[in-house]
Amino acid sequence: MNQTSFVLKGDICYSAGPNELYTAPDGFLVCLQGQCAGVFPALPEQYASLPLLDYSGFLVTPGLTDLHVHAPQYTFRGLGMDLELLDWLNTHTFPEEAKYRDLDYAETAYRRFVDDVRAGPNTRACIFATVHPEATLLLMDLLEESGLVTLVGKVNMDRNSTPDLQEISAQASAEATLAWLEAQAGRYQRTGPILTPRFLPSCTDGLMERLAQIQQQHHLPVQSHLSENQGEVAWVRELCPSSSSYGDAYDSFGLFGGADCPTIMAHCVLCTQDEIALMKARGIYVAHCPASNTNLASGIAPVRRYLDEGIPVGLGSDVAGGTHTSIFRAMADAVQVSKLRWRLSDQARAPLTAAEAFYLGTLGGGSFFGKVGSFAPGYECDALVIDDRRFTPAGQRELSQRLERTIYLSEDRDIAHKFIRGAQLF
Ligand SMILES: [Zn+2]
């Protein structure tokens with residue numbers, strides 16, 4: 001897949017900030033060697049010789065970033081949605097993830113996940129695999145082949161799981177992680193590793209210490225879960241009695257952000273004042289997963305507060321806590337749950353707007369990957385061409401309204417074309 005230079009004509013929408021939605025009806029998006037050169041109402045003369053891809057009448061937006069998703073859980077979406085987090089993990093998640101030691105099973109399951117994400121609106125993702133290094137590499141091979149740009153983590157867990165899944169010791173988990181890192185080194189252009197302690201209840205102190213060493217030696221980003229569910233937070237308090245909060249426990253091991261440790265924490269539903277201050281100081285990215293937080297009775301994350309505090313936030317599908325991979329769906333869910341939070345518990349902070357949800361699913365999460373998620377000059381050119389005529393007949397709505405309806409009504413089949421770093425996937 002070669003990077004290319006071209007001009008894309010269509011009805012263009014993109015965010016430059018939470019409240020900065022730009023629209024360019026019949027606009028021109030210029031892509032030079034995979035990077036955006038800008039969006040123009042009329043094509044500047046200097047770009048007139050580039051190939052023109054004329055998608056007049058179609059909506060053009062940046063690709064979407066799924067900041068938190070579990071690939072091995074794609075197989076059991078929609079099951080156990082009447083349970084709470086810890087029961088759901090033991091009943092459905094751990095038995096399913098144990099199956100990925102079988103590479104034939106893993107290949108069939110991961111191929112379906114990758115094919116479906118490729119066909120939808122997400123262009124980037126931060127992905128949890130399982131504890132198995134071989135199956136994790138296989139997932140990375142499939143993702144690389146797909147053209148998606150992803151960070152993938154071999155999961156670490158050496159306690160509180162089932163015997164057929166849990167790693168036998170901190171040392172064994174660390175050694176498997178190092179072997180996996182070595183096997184993937186230099187192998188990919190679009191796929192990278194991310195260190196993935198599942199969550200504190202799954203990792204002994206000895207494992208967290210080893211992972212911190214690996215993080216420093218290999219300069220890896222980190223992803224995990226934070227303050228998701230009441231039962232889980234109470235459990236962490238028991239497991240880490242000397243820590244002032246769940247976040248403080250990660251921080252005590254050196255696995256909680258900072259300049260040399262870019263970190264995504266999923267959920268952040270029940271964070272305390274001190275924990276939020278620490279997240280802000282460490283530059284933690286919040287992966288807001290509204291569908292999962294609803295399905296597993298976790299609650300509603302205070303996203304408005306995070307935005308007001310300047311804490312970076314993106315959206316996660318959290319399949320299979322969430323049931324759908326599309327981050328358009330997560331945008332709609334984010335608006336909905338923010339209105340319930342406002343109505344039921346916190347009228348001091350306004351619910352999210354559609355434009356803000358669009359920002360979270362594009363630039364908000366995309367920025368974890370660098371200059372990603374916008375069409376401002378210098379951004380990597382990840383673009384969707386969406387045929388929205390199935391639900392908005394031509395000429396009936398202004399562009400921002402077409403975008404809002406796309407957030408709520410679009411399905412994967414409406415994504416007509418998809419570009420990542422300027423390469424056309426379809
Ligand atoms: Zn998760």
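Two strands are taken as paired if DSSP finds at least two bridges between them. Helices (H or I, at least four residues) and strands (E, at least two) are DSSP runs, numbered from the N terminus. The model is predicted: local features need pLDDT of at least 70, side-chain atom pairs count only at pLDDT 80 or more, and totals for chains, interfaces and linings use all residues. Residue numbers start from 1 along each chain as its sequence is written.

**View A. The open sheet of 4 strands has the order E11-E12-E13-E14, with parallel pairing.** Strand E11 (222-226) and strand E14 (313-315) are at the edges with a single partner strand each, so one side of each has no neighbour in the sheet. On average, neighbouring strands are turned by 30 degrees against each other, direction ignored (axes are lines fitted to C-alpha atoms, for helices over the stretch in contact; angles run from 0 to 180 degrees between N-to-C directions).

**View B. Strands E12 (residues 263-267) and E13 (residues 285-288) pair in the parallel sense over 3 bridges.** Ala266 stands opposite Ala287 in E13. Helix H12 (residues 354-366) packs on the sheet and touches E13 and E14, its direction making about 125 degrees with that of E14; contact requires C-beta atoms, placed from the backbone, to lie within 7 Å.

Definitions and conventions. Two residues are in contact if their C-beta atoms, placed from the backbone, lie within 7 Å.
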